[in-house]
Amino acid sequence: MYQFDISAGTKADLYRDLLAALDALTTDEADPIANMANAAALVWEYLPDLNWAGFYRLVEGELVLGPFQGKVACIRIPVGKGVCGAAAATLKTQLVEDVHAFPGHIACDAASRSELVVPVTRDGALIAVLDLDSPEPARFDAEDAAGCEALARLLGQRLG
């Protein structure tokens, strides 16, 4: 349904197209799991150099594995622990160039070297985190963070 040529444009173009595709995929769907599943698949398909893309949902005060693409993952993460837990606790994007240098990093996949975690909120309350892992050190930059934050803002309206 969507065909992006990531070599044909800028990273900003790619994220603009991803946002438009996610908007189209989620506009008429009320189920949050379905919307997270399609978002994870979309990101996995079109962002290069990932080894995991998905969500951890806030359930009764802890992060619980949600829809994802990649290898099997940790099922539960306490808020405040690891990169995902830090994003959940602070409601701030975590861009980590070297996960092995991150205090308390939780290694669900030893091949992961860098990570980007973006909180998904609605009315200031945490719903989930969008978690991207890469086997490449320093894979993510400020442009990736901004692009994923735009995706998370849209999802915050669609996961309620």
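Trainee: Where is S112 found?

Mentor: S112 is in the loop between β4 (94–96) and β5 (114–122). Helices (H or I, at least four residues) and strands (E, at least two) are DSSP runs, numbered from the N terminus. This is a predicted model, where local features need pLDDT of at least 70, side-chain atom pairs count only at pLDDT 80 or more, and totals for chains, interfaces and linings use all residues. Residues are numbered from 1 along each chain as its sequence is written, and side-chain values use heavy atoms, with hydrogens and water left out.

Trainee: Is S112 buried or exposed?

Mentor: Buried means under 20% relative accessible area, exposed means over 50%, and partly exposed lies in between (1.4 Å probe, protein chains only). S112 has a relative accessible area of 4%, so S112 is buried.

Trainee: Which side chains does the side chain of S112 join in polar contacts?

Mentor: A polar contact is a pair of N or O atoms within 3.5 Å; within protein, one must be able to donate a hydrogen and the other to accept it, and residues adjacent in sequence count only if both atoms are side-chain atoms. The side chain of S112 has a polar contact of 3.2 Å with that of N51. Another, of 3.4 Å, joins the side chains of S112 and D133. Contact in general means heavy atoms within 4.5 Å. Leaving out residues up to four places away in sequence, S112 touches N51, V99, H100, D133, S134 and P135.

Trainee: In what order do the strands of the sheet run?

Mentor: Strands of a sheet pair through backbone hydrogen bonds, either parallel or antiparallel. Two strands pair here if DSSP finds at least two bridges between them. In this model, 6 strands form an open sheet, β3-β2-β1-β6-β5-β4, with antiparallel pairing. β3 (76–78) and β4 stand at the edges with a single partner strand each, so one side of each has no neighbour in the sheet.

Trainee: How many bridges join β1 to β2?

Mentor: The antiparallel strands β1 and β2 are joined by 7 bridges. Y56 has L65 in β2 as its bridge partner.

Trainee: Which strands does helix α2 lie across?

Mentor: Axes are lines fitted to C-alpha atoms, for helices over the stretch in contact, and angles run from 0 to 180 degrees between N-to-C directions. Helix α2 (residues 32–46) lies across β1, β2 and β6 (125–134), at about 155 degrees to β1.

Trainee: What phi does E60 have?

Mentor: E60 has a positive phi of about 50 degrees, although it is not a glycine. E60 sits in the loop between β1 (52–59) and β2 (62–70).
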